[in-house]
Amino acid sequence: MSAFAGSEANETFVLNLGPQHPATHGVLRVKLTMDGEYIVEAEPVLGYIHRMHEKMGENRTWAQFLPNTGRMDYLHALAYNHGYVSVVERAAGIAVPERAEYLRVITAELNRVSSHLLWFGAFILDLGGFSPLLYAFDDREHILDLLESVTGSRLTYCYFRFGGVYNDIDDNFVAGTQAFIKRLRGRMPMYHNLVTKNIILMTRLKEIGPISAEMCRKYGATGPVCRGSGINFDVRKHEPYSIYPEFDFDVPVYEQGDSMARYMVRMDEIEQSLRIIEQALDKLPEGPVMADKVPKILKPAKGDYYHAVETARGSFGVRVVSDGSNTPYRLKLRSPTFSNLSLFGEACRGMLLPDALALMGSLDLVIPEIDR
Amino acid sequence: MHVDPEIIRLLAFLIGVIAFAALNAAYLVWLERKEAGHIQRRIGPKEVGPFGLLQPLVDGIKLMTKQLIVPAGVDPVLFRIAPILVMVPAIMSFVTIPFSETLVARNLDIGLLAIFAFASVNVLGLLLGAWGSRNKYAVISAARVVSQNVAYEIPMLVTVVTLVMITGTMNLHNIVMQQQGGFWHWNIFNFSASPLMPVAFLIFFVCMLAETNRAPFDMAEAESELVAGAFTEYSGMGFGVFFMGEYANIVIGASMATILFLGGWDCPFGLFPGVHWFLIKMYFLIFTVIWIRWTYPRTTFYGLLNLSWKILIPISFFNLILTSAMLKVF
Amino acid sequence: MNRAAIKQKLAAIPAEAVIETDYDRKGFTLDVQVAPAQLVAAVSVLDAAGFFIEAVTGVDWLGEQAALRKEAQAKIAAEAKARAEAAAAAGEEPPPAAPPAEQGELPEDALEAVYDFNHYEELCRVTVRTRVPRSKPEVPSISEIYPGANWHERETHDFFGIIFAGHPYLVPLLLPEDADYHPLLKDFRP
Amino acid sequence: MIDYLREIISGTWSLFVGLGITIRYFFQPVVTVQYPYQTLPMTPRFRGHIELVKDEETGETRCIVCGMCQKACPSNCITVNGEKREGVKGKVLTEYRLDFTKCSLCGLCVESCTPKAITFSKDYNLAGVRKEAYIFDLKKRLEAKNR
């Protein structure tokens, strides 16, 4: 990146990026103050698809809010379901059968792979390459088929229930998943040859959009954004939930903090997720997939409870405050991209427009999840 | 009444050239969509006509029936003149391109010069359209187009100068005639003049991509950054003419590469030279241009300038010096 | 940095309660209750210890005081009843009924601002809470210490109307820019 | 100087590798399904809008009008009406109205149903021009299907 040539303040102009813009992946608006093609200041404007999920939670029973969680982040819906059912299980003291936890991990990790694949395609699309998007979609479609055969739905699965999962898997799913893992492992070198090693992509990502570890801390960035800045933080390892401690997997961490590092973290995570799925399929125990004694009307004890899960975008936390009734008294959804995007304004200062868009793409934004 | 047959010939050629340019523009869109489809493992247009062959027609009708929106506050003259400024020079360039030994509208002695002169007007059209449409994205795009063009004219022209030194003429017909008799006579393999001729071809090809604003150098359009760049405010046929101009420019670029480096209408094996060979080579190059577009991400503006000033210009100058030295020595 | 040390440091700030909670049960390790005036001091301690900010939110405790009083009254009534029964069982005269408790003005209900912090290296989720009266909900802003709190505070202002004093740009973030309502207040009616 | 050349050559090589990959795909068969000329088989668990199950013995619905589905629904899109009839134990279903415009296909109603009277349909070709077309009376649908 070339240096930022400062000039008189009155030579700047305001550029409205969005709410309808190809690079913002939804309805995000960024108010850019520009000096030529350099960004002097960037202010993201949110709330275009704000749905007030938190208020909705207060007006529904605990179980009725479940479908909403998958609609926050439609790309990794199962992790959001997982976070919500986990916090309610914690509050109500429900124990989950082991097989159900395995199924949760398998499906959530498959969903994470699909989310990363879509991010990969969309990110390259931001950089102007179109074909990798459709190759990634080709692979993602296999995951959606697998998940559809289990959950009956392709995007907002709503598969987890308090105390287990909605229905059991069959042998076809196991065989199909194993075949898919083999297929995707075979395809990854193609992605790296076509995209990662491409000289144009390297010049566009290397040393572009640096985010320091300190900046991550000050803004509360989590997920691949902080792991690309050399912070080894993954909720699956940091505060292990479900049965993640049973599996052997690595947390990819890159020190550079540039867009390339975040790209590499996600690409490596695909491989790690495949490893988890493989181990889970091998170890999959027999047994029920639903706890026996789940009361029909949940009334968790008074108090507040927190549970965080690692989604494809970072640490998603749910804080519920229960007053002992059958509806949540207060439900706070801590969305990872909200924090990740909040550092964009500072990180892109002095950058060129195309680089800033590469940086924005590397943050992996899902707007419904920011706006909630 | 006596009519000069030359005038009739010229008229026929003019109509032919315009028809050729328009048809090319229409069917290159089809080719682009089909090729992109198959690269991405889908079919591409298929509903209108067999293999979607009538798709360009339908697209054309759609563009023509659309309202021509002239936004408030635009410069009315520049906004309207810009698409024409892109389209007309492209058609004019066709006049001097020799498709075969006899199939040429006007065989100019300075044909090469004329084409490069016309090619630079294209940028002016984009600049005026972008400036005139009073849109911030378009203005950014205009600034990009101009500096991109400055950066790319130099290595391209240096390469062409090298070639002119070898051929000793600017007459396109003569340049092709010198390359007759099989692919080992083509300029791209003219190792006796300079061992770097394939590299020179590559430089020329890259510069052609940049000149015609094709991916990975489509910074002017850059749909994921600048929405549609210079064309943001254009609708209907205003946009359509820009589009046609763009494809016509690609045809010119591919034709020039064919003539200068690939022996024009010459058959690679010395058999049956003719217009078909010219078209095969040209369309192969266009296929490659489209193939490149659907493979790479877009470069950035400074990446492009770096490539031009740090790599292409030094190498093309080195080639120039090497060639002149070799011409002098041998 | 260990948990005990940070607990000690936080406890050193006057007028606050630091409670170690059961992580497995609650999902957080330290529950810190501070007065609004001590908030910045508490957050500075966390900042110095390398914590990152997870979220800022609020809870509206409308009706809490009434519920507490009702609970207290029920307890008193139950005790009185138990005493009366015990007395009756013992064959004694039931003691005279206690005079009803003072029904003074209810103390005002509170809005609670909740801050979640976590540490990248060690699992230590610290929840900082501060309570302000509903009629004058004003909390000092921590966006100077954590720039990331800027958006979270704006969001909390949107939803609860809590005013973060010293915030550089306290305009609606998720709600429309002319929104003058606070949907997560319990007495909000659309 | 050598680094400079090496960088150019490796960079150019990476570009040619990319071209090689895309041209290989160009000659491979397409993977898309040409809907609506071709369709894929539905998975048995596909969650379409709900429908009433026909009881094999009676040929009627199994619904006992307990209203559990109505209570379970997060979006209040189910309305169940029944009436008492002479000689029949329990209530008889008169109307089962599903407002599909609000339904989020979560499946909580199907799970809550004790007599297993509702299930997911396999309809996905749903298109219409009026909102009212998506307020289904499932009882009438079942009767129409029986006929």
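Analyst: In chain A, three strands form an open sheet in the order 6-7-8, with antiparallel pairing; strands pair if DSSP finds at least two bridges between them, and helices (H or I, at least four residues) and strands (E, at least two) are DSSP runs numbered from the N terminus. Strand 6 (303-311) and strand 8 (330-334) of chain A stand at the edges with a single partner strand each, so one side of each has no neighbour in the sheet. From one strand to the next the twist averages 10°. This is a predicted model, in which local features need pLDDT of at least 70 and side-chain atom pairs count only at pLDDT 80 or more, whereas totals for chains, interfaces and linings use all residues. Residues are numbered from 1 along each chain as its sequence is written, and chains are lettered from A and ligands numbered from 1 in the order in which they are written.

User: How many bridges join strand 7 of chain A to strand 8 of chain A?

Analyst: As a general idea, strands of a sheet pair through backbone hydrogen bonds, either parallel or antiparallel. Here five bridges join strand 7 (residues 314-322) of chain A to strand 8 of chain A, and the two run antiparallel, with A:Gly317 opposite A:Arg334 of strand 8.

User: Which residues of strand 2 of chain C lie on the covered face, and which on the uncovered one?

Analyst: In a regular strand the side chains alternate between the two faces of the sheet. In strand 2 (residues 30-34) of chain C, the covered face has C:Leu30, C:Val32 and C:Val34, while C:Asp31 and C:Gln33 form the uncovered one. Strand 2 of chain C is joined by five bridges to strand 1 (residues 16-20) of chain C, running antiparallel, and by five bridges to strand 5 (residues 126-133) of chain C, running parallel. C:Gln33 stands opposite C:Ala17, and also opposite C:Arg129 in strand 5 of chain C.

User: At what angle do helix 1 and helix 9 of chain B pack?

Analyst: Two packed helices are described by the angle between their axes and the distance between the axes. Helix 1 (residues 5-39) and helix 9 (residues 236-261) of chain B pack at about 95°, with axes 8 Å apart; axes are lines fitted to C-alpha atoms, for helices over the stretch in contact, and angles run from 0 to 180 degrees between N-to-C directions. The two helices are therefore roughly perpendicular, a term for angles of 65 to 115 degrees.

Conventions: A residue is buried if 20 or more other C-beta atoms lie within 10 Å of its own, exposed if 12 or fewer, and partly exposed in between; C-beta atoms are placed from the backbone. Angles under 35 degrees count as roughly parallel, over 145 as roughly antiparallel, 65 to 115 as roughly perpendicular and the rest as oblique.
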